[in-house]
Amino acid sequence: MIISNKKLTVIITFLNEKEDVKNTIESILEFSDDNVEIIVINDASDDNYDYDKLAVDYNITYVKNKIRLGVAASRDLGVSICKTAYFLLLDAHMRFYDNKWITRIVEELSKNTRRLLCTQTKILKRKDDIVYVDKESDALVRQGATVKLNGNILFEPKWLINENKNLGDGALPIACVLGAGYACSKDYWIYLKGLSGLMYYGNDEAYISMKSLVRRRRMSFTSRYKNRTYL
């Protein structure tokens, strides 16, 4: 049910991330102009950090799993209680750099509500408790990822690196989302049945990307041949 007047919900799932959760929330609020909802899912952390205080300090929706559900089920839980039309799935160790990101995401999703977006991200490094952008990696543009199968039949997304930074301001087609920051409409996520079927941690980006790709191709086929009769 969509009942919020905000444009977007950021859903953060985490396990034993300590101060990074607080720092990520503060960064969101600093660059959001109060037009975003925040849902934080604590996946049964056991590091004795006081995460419960986050809800009081930042007036956000805080959920604490009694048992560890894994990132897939935790993200699906976050989407199920999301009250906005669109959401952004985010890891708990992220930072923001301008206040235009919400507008960009919502505009792209509004053009086509049945799509899965992968946001451009910068690689952060930490030294002596100082977080900074790695300049060498920042010079490269990542265009999502591609998925390959290894000998154990596991999905292994690999970054698609483009050294040409003149890619335009719009969205570009990619094979697989990757990078701890991807967005979708709640209706489309429910249509895809989200990450249902995965347990614990791993393979969620490849899984939801392939589900989205299969659905798009199926819809295209149906649309192309819906007026034909077969005997």
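**Entries on a predicted model**

I began with R75, which is buried, its relative accessible area being 3%. I note here that the model is a predicted one.

I then asked which side chain R75 meets in a salt bridge. The partner is D91, with 3.0 Å from N to O. I looked up where the two residues lie: R75 belongs to helix α3, whereas D91 sits in the loop between β4 (86-90) and α4 (101-111), so the pair ties together parts that are 16 residues apart in sequence.

I next turned to the second largest pocket, where I again met both residues. Of the 16 residues that line this pocket, V71, R75, D91, Y201 and E205 lie nearest its centre. I recorded a space of about 210 Å³ for the pocket. Which elements each supply at least two residues of its lining? I found β1 (8-14), α3 and α7 (204-225). Sorted by class, the lining has six nonpolar, five polar and five charged residues.

I went back to the charged pairs. Side chains of opposite charge can pair when their charged atoms come close. How many salt bridges does a search of the whole structure find? The search finds eleven.

One of my entries concerns D46 and R68, which form a salt bridge with their closest N and O atoms 3.7 Å apart. This pair links distant parts of the chain, 22 residues apart: D46 is in the loop between β2 (36-42) and α2 (53-58), and R68 is in the loop between β3 (61-64) and α3 (71-80). I checked the accessibility of each partner. D46 counts as exposed because its relative accessibility is 53%, and the cut-off for exposed is over 50%. R68, with a relative accessible area of 37%, is partly exposed.

I also examined D98, which forms a salt bridge with R104; the closest N and O atoms are 3.5 Å apart. D98 is partly exposed at 29% relative accessible area, and R104 is partly exposed at 45%.

My last entry concerns the surface. Which residues form a nonpolar patch there? They are L140, W159 and I161, with about 240 Å² of accessible area together. I located W159 in strand β9 (residues 155-162). W159 counts as partly exposed because its relative accessibility is 34%.

Conventions. Residues numbered from 1 in each chain as written. Predicted model: local features only at pLDDT ≥ 70, side-chain atom pairs only at ≥ 80, totals over all residues. Heavy atoms only, no water. Patch = residues over 30% accessible without salt bridge, like charges linked within 9 Å, V, L, I, M, F, W, Y side chains within 5 Å. Areas by Shrake-Rupley, 256 points an atom, 1.4 Å probe, with all protein chains shown as cover. Salt bridge = Lys/Arg side-chain N within 4 Å of Asp/Glu carboxyl O. Helix = DSSP H or I, 4+ residues; strand = E, 2+ residues; numbered from the N terminus. Buried < 20%, exposed > 50% of the residue type's maximum accessible area, 1.4 Å probe, protein only. 1 Å grid on protein atoms, 1.4 Å probe; cavity = no way out; pocket = protein on both sides within 12 Å on 5 of 7 lines; lining within 4 Å. Points joined across faces, edges and corners; volume = space filled by probe spheres on them. Nonpolar A, V, L, I, M, F, W, Y, C, P; charged D, E, K, R; others polar.
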